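Here is a briefing on the structure shown below.

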Amino acid sequence: MSAPLLARSDAEDFLYAEAALLDEWRLDDWLTLLTEDARYWVPPNDTPDGDPGTTLFTIADDIHRIRARVTRLKDPAAHAEYPRSRTRRMIGNVRVEPMAPGPAGETQVLVHSNFVIWRFRRGERVREYVGHYRHTLRLAATSWRIAHRVAIIDAMELASLGSVSLIL
Amino acid sequence: MTEQPMVINDPASFDFRVNRAALVDPAVLEEERARIFDLCWIYVGHESEVRAPGDFRTRQICGRPVILCRDDADRVRVFLNSCRHRGAVVCREAEGNATHFTCFYHGWSYDRAGCLDGVPGRSAYPPSFDPAQFPLLEPARVASYRGFVFLCFDPEAMPLETYLAGAREYIDLVIDQSPSGQMEVIRGVQEYDIEANWKLLVENSFDDYHLLTTHSTWLDYLRNAGVEMKRPERGHLLPAHGVGRALGNGHAVVDNVNFRGRPVAKWIPIYGEAARPEIARIREELVARLGEHRAARVADTNRNLVVFPNLVINDGSSVTIRTFHPLAANRMQVRAWALGPVEETPAARAIRLDSFLTFYGPGGFATPDDIEALEMVQAGLATWREMPWSVMTRGMAKEGEQLNTDELHLRAFWLEWQRRMQMAPRRGVEA
């Protein structure tokens, strides 16, 4: 096996930094990690390997809607996240795989990881989102950016998780 | 029933109130199960979800496990998902295709028509044992209207078409999106719980009064994307004219002039320039098939329809089928699907699904705030002993047309709810 293009420890550092930004609600800073054509998907629980062109997803954002999502979440009128929830993300089992180059021939890698995200709100039960991420990281100039992030929830249905009002 | 009236309707003094006990009291829920869910036509699923003989879906309907499937005679069937032997659930998968439904406990198996055709060690049963007496049981009534499959546990119930009353016109409008009159449920279900009474979601599903306040971030999103958002006339809270209508038997609708874009067929900038020709082509087909007037009715209005008691068909930014069942007085299970014409091109299908997600669903820009609103109502209703009444009088003093932001349609639901709660429950259920 040839040496990976991105060392696992570097991929871990990247994912940990991303998780910290999201846990700290530094959403504008988080946006800077994304490419100009980034996508963010949460597939439906019954079709985790679906395509949003043919399957009804929970979330299937292009970069415009990702930015609109951040704009919305920063607004106190995003009632589902006001008052804001506290979250804590744990990320592990990171694996880096080679993948085909990006649209302009950029180097890309596919990073798999497992996540647990706990969501806390005053007076509410704890919600525990468990699943795995597939991050497509693209080498832009000298730094890695997220071209595509897919958060696949393991639960068979959202059920008591309710909505997905935060960015998983 | 409790001693207090649950709905006060006094048009002469413009008074309409709902007793909040109806939303919090577990005893009321028990009455609802007997007087509403066991007596009304209840949505099970869509014929397109079981296309081929042997295709099946399992789901919980009115607290019962059921199988929706298609038999070898190409008929859509609904069975109670429980073995005639000891009662175990016979089909444990969410969906698939099967030649038989076999109970794993003792191995009794049933064919696609529900007939018991396998009993291990049958010779030990007495000679009087007749497998023909033990098919998978069907609900008292099963019927479809334009692909929507309903069941009813009341053998005396009126026919489904009669029951649907004025709701049929609105279902027909949805179906007219399809050149062949065939709509299909698209893959991917949104299934989530809301910690609120199920009737709060009935109200919320066609309460346009809340749009401006609860969904300001969604309206901002549309505005920022270049969608025209001017209010058309005085007295309107929203950017387009809309009315509320009662449709009989507790069904009701808000029927609005579209401003938010429609995959069939009203382009908005959010769809992107590349989508313009596709939307124009769909529009041309509509006009050629239905004429200008009917095409405009289909394409330029959006309608949120409540079929009493627990089916919502929203033909808005996309078409969603949403149904919900109470799990407790303060909790419901919601399931939602997208519906589209079978002949939709891949490009149009992609627009439909993308458009769905801008508003609807647990990850959309609006539904999470609806869920929050309903859960905050339920939390606030803990004060029901001190504040027993909810006000529902918008539009009551008006002559004629009721706006979508009025509450005529909500009152229609609650009046039917009250009427049914005062009727006798199904035989065998204690009053």
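Domain bounds come from an automatic or database domain assignment. For chain B, that assignment gives domain 1 (42–152) and domain 2 (165–422). Their centres, taken over C-alpha atoms, are 33 Å apart.

This is a predicted model: local features need pLDDT of at least 70, side-chain atom pairs count only at pLDDT 80 or more, and totals for chains, interfaces and linings use all residues. Residues are numbered from 1 along each chain as its sequence is written, while chains are lettered from A and ligands numbered from 1 in the order in which they are written.

**Domain contact in chain B**
- The contact takes 12 residues from domain 1 of chain B and 12 residues from domain 2 of chain B. Two residues are in contact if their C-beta atoms, placed from the backbone, lie within 7 Å.
- On the domain 1 side, strand E3 (residues 42–46) of chain B gives the largest share, 3 residues. Helices (H or I, at least four residues) and strands (E, at least two) are DSSP runs, numbered from the N terminus.

**Nonpolar core**
- The largest nonpolar core has 154 residues. Such a core is a set of buried Ala, Val, Leu, Ile, Met, Phe, Trp, Tyr and Cys residues joined through C-beta atoms within 7 Å.
- Buried means that 20 or more other C-beta atoms lie within 10 Å of the residue's own; exposed means 12 or fewer, and partly exposed is in between, with C-beta atoms placed from the backbone.
- Ile42(B), Val44(B) and Leu201(B) have the most contacts inside this core.
- Helix H9 (residues 346–359) of chain B supplies the largest share of the core, 7 residues.
- Domain 1 (42–152) and domain 2 (165–422) of chain B both give residues to this core, so the core lies between them.
- Leaving out residues up to four places away in sequence, Val44(B) touches Ile61(B), Val66(B), Leu68(B), Val78(B), Val149(B), Phe150(B) and Leu151(B).

**Chain A layout**
- Chain A has 3 helices and 6 strands.
- Of its 168 residues, 36% count as buried.

**Strand pairing in chain A**
- Strands E3 (residues 86–98) and E4 (residues 108–120) of chain A pair in the antiparallel sense over 11 bridges. Pairing requires at least two bridges found by DSSP.
- E4(A) also runs antiparallel to strand E5 (residues 127–140) of chain A, joined by 12 bridges.
- Val109(A) is the bridge partner of Pro98(A), and Val109(A) stands opposite Leu137(A) in E5(A).
- The hairpin of E4(A) and E5(A) has 6 residues between the strands, and there Gly123(A) takes a positive phi near 75°.
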